[in-house]
Amino acid sequence: MSDLSGKKIVLGISGGIAAYKTASLVRLLIKAGAEVQVIMTPASHQFVTSFTLSTLSKKPVYTDFFNSSQATSTWNNHVEMALWADLLLIAPATANTLSKMVSGAADNLLLAIYLSAKCPVYVAPAMDLDMYVHPSTLRNLKVLETYQNIVIPAEKGELASGLVGEGRMAEPENILAFLRQSLAETKPLKGKKILITAGPTYEAIDPVRFIGNHSSGKMGFDTALAAAQQGAAVILVSGPTQQHIEHPLVTTISVFSAQEMYEVCHSHFEDCDVFIGAAAVADYRPKTVATQKIKKSADDFVIELEKNPDILASLGAIKKQQFLIGFALETENEIENAQLKIRKKNLDLIVLNSLNDAGAGFGVPTNKVTFIDREFHIEPLELKSKEAVAMDIVNKIKEHYA
Ligand code: C5P
């Protein structure tokens, strides 16, 4: 899983010799999982072809405001493109383009996109040594930083002019590394520790049998991934599932029974910021576990059960700074029951699923949930994928820390 996966990047190329390196840059960004829309200034066409870049980015490359060559004239909407972008990267950024960005000129499509952009803007300057150290360039870079633009410093080395010094555009690999680092630092949940339970628990009857349930674990795993993608360090305590997760910020701990889940959660709770109980924890377990496989004999067979600890309620009882989120799966009096649960378990937010809603609950890729908070604000959401619900839950956490 790459940190750029799914990121929408507008790559603006201005007219310097370093533009030839953007072919490698596009390849690297795409390989890292990003979607890349290339915008070229008119002058940049002297250094790299739009054909190369559209082939590598698998998208048309735009330069002009208007596509007058087509039978039906269309225009390239700079506002739409700017809003589409998760980030705007201008590489190479020439002295001329930097100066126009500072002054607010919009005499080409790239500059108009720049002025319309609400997303983070990165600039990778590239020019000859003397231009790079000219007071106007140095001042322009400083001004752009006051606009909250992020400068990817030029590198030292041999320049196209034959001079040696600062001014070379950062190598594509270094631009990628810079973006990755910068995005990790700006993630909203960076520094937060989130403990999540997922999946069913299995309560042993004997060495080969157990009492379980149909939870797939998907909701918990999707939430763990969404939280990690926002920069949180996640400990995912999972009962037996087929789910798999790979993200450098997620540590998975596999457990079998509710008692094991309880112990692991308590050992990690103290220094966590958020707890999300997405597991379908068995409420009861067999009172005794047979050491040998139970033989079939009598027609009736009774298993005596005893109560499992309620993990969420036990954490609610000791919580300090932690933001506690629970799930509730209800079949009747949904809202009232969920509100009772908020008080009983001392929760900050409950995610209510109703089994009465088609497409919600176990074994389906979608969910229809209602959020209810401590003040009993009720927020019903429409039916959506579990990934999208996971993102909504993570947004609630972001709101809490905003
Ligand atoms: O009380 P109920 O089982 O409906 O509550 C569901 C919520 O409580 C879920 O968030 C679930 O993960 C959590 N839970 C728990 N330990 C239990 C039972 C439920 O953490 N033993």
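Me: In this predicted model, in which loop is Gln148 found?
Reply: The model considered here is predicted. Gln148 is found between a helix and a strand, namely H7 (135–146) and E7 (150–151). The element asked for is the loop between helix H7 and strand E7.

Me: Is Gln148 buried or exposed?
Reply: Exposed residues have a relative accessible area over 50%. Gln148 has a relative accessibility of 62%, and therefore counts as exposed.

Me: What is the phi of Gln148?
Reply: Most residues other than glycine have a negative phi. Gln148 is not a glycine, yet its phi is positive. The value is about 70°.

Me: Which loop holds Phe376, and what is its phi?
Reply: Phe376 is found in the loop between strand E21 (369–373) and strand E22 (378–380). Phe376 is a residue other than glycine with a positive phi. The phi value is near 65°.

Me: What is the relative accessible area of Phe376?
Reply: The partly exposed class lies between the buried limit of 20% and the exposed limit of 50%. Phe376 is partly exposed because its relative accessible area is 28%.

Me: Is the peptide bond from Ala91 to Pro92 cis or trans?
Reply: Most peptide bonds are trans. Pro92 is found in strand E5 (residues 87–93). The bond from Ala91 to Pro92 has omega near -5°, and is cis.

Me: Is Ser14 buried or exposed?
Reply: Ser14 is found in the loop between strand E1 (8–13) and helix H1 (22–31). Leaving aside neighbours within four places in sequence, its contacts include Pro92, Ala93 and Thr94. The relative accessible area of Ser14 is 0%, so Ser14 is buried.

Me: Which residue has its backbone nitrogen 3.0 Å from a polar atom of the side chain of Ser14?
Reply: Among the residues in contact with Ser14, leaving aside neighbours within four places in sequence, are Thr41, Thr94 and Thr97. The backbone nitrogen at 3.0 Å from the Ser14 side-chain polar atom belongs to Thr94.

Me: Which elements each supply at least two residues of the shell around the ligand?
Reply: The ligand sits in the largest pocket. The residues that surround the ligand include Ile311, Leu312, Gly326, Phe327, Lys341 and Lys345. The elements that each supply at least two shell residues are helix H11 (311–318), strand E18 (323–330) and helix H12 (334–345).

Me: Which residue has an N or O atom in the side chain 2.9 Å from an oxygen atom of the ligand?
Reply: A backbone N or O atom of Ala279 lies 2.6 Å from a ligand oxygen atom, and one of Phe327 lies 2.8 Å from a ligand oxygen atom. The side-chain N or O atom at 2.9 Å belongs to Lys345.

Me: What percentage of the ligand's exposed area does the protein bury?
Reply: Taken alone, the ligand exposes 450 Å². Of that area, the protein buries 86%.

Methods. Residues are numbered from 1 along each chain as its sequence is written. This is a predicted model: local features need pLDDT of at least 70, side-chain atom pairs count only at pLDDT 80 or more; totals for chains, interfaces and linings use all residues. Side-chain values use heavy atoms; hydrogens and water are left out. Helices (H or I, at least four residues) and strands (E, at least two) are DSSP runs, numbered from the N terminus. Buried means under 20% relative accessible area, exposed over 50%, partly exposed in between (1.4 Å probe, protein chains only). A polar contact is a pair of N or O atoms within 3.5 Å; within protein, one must be able to donate a hydrogen and the other to accept it, and residues adjacent in sequence count only if both atoms are side-chain atoms. Contact means heavy atoms within 4.5 Å. A residue is near a molecule or strand if one of its heavy atoms lies within 4 Å of it. Accessible areas come from the Shrake-Rupley method with a 1.4 Å probe; for residues, only the protein chains shown count as cover. On a 1 Å grid over the protein atoms alone, a cavity is a set of points where a 1.4 Å probe fits but cannot get out, and a pocket is an open set with protein on both sides within 12 Å along at least five of seven lines; lining residues have an atom within 4 Å of a point. A molecule sits in a cavity or pocket if more than half of its atoms lie within 2 Å of its grid points.
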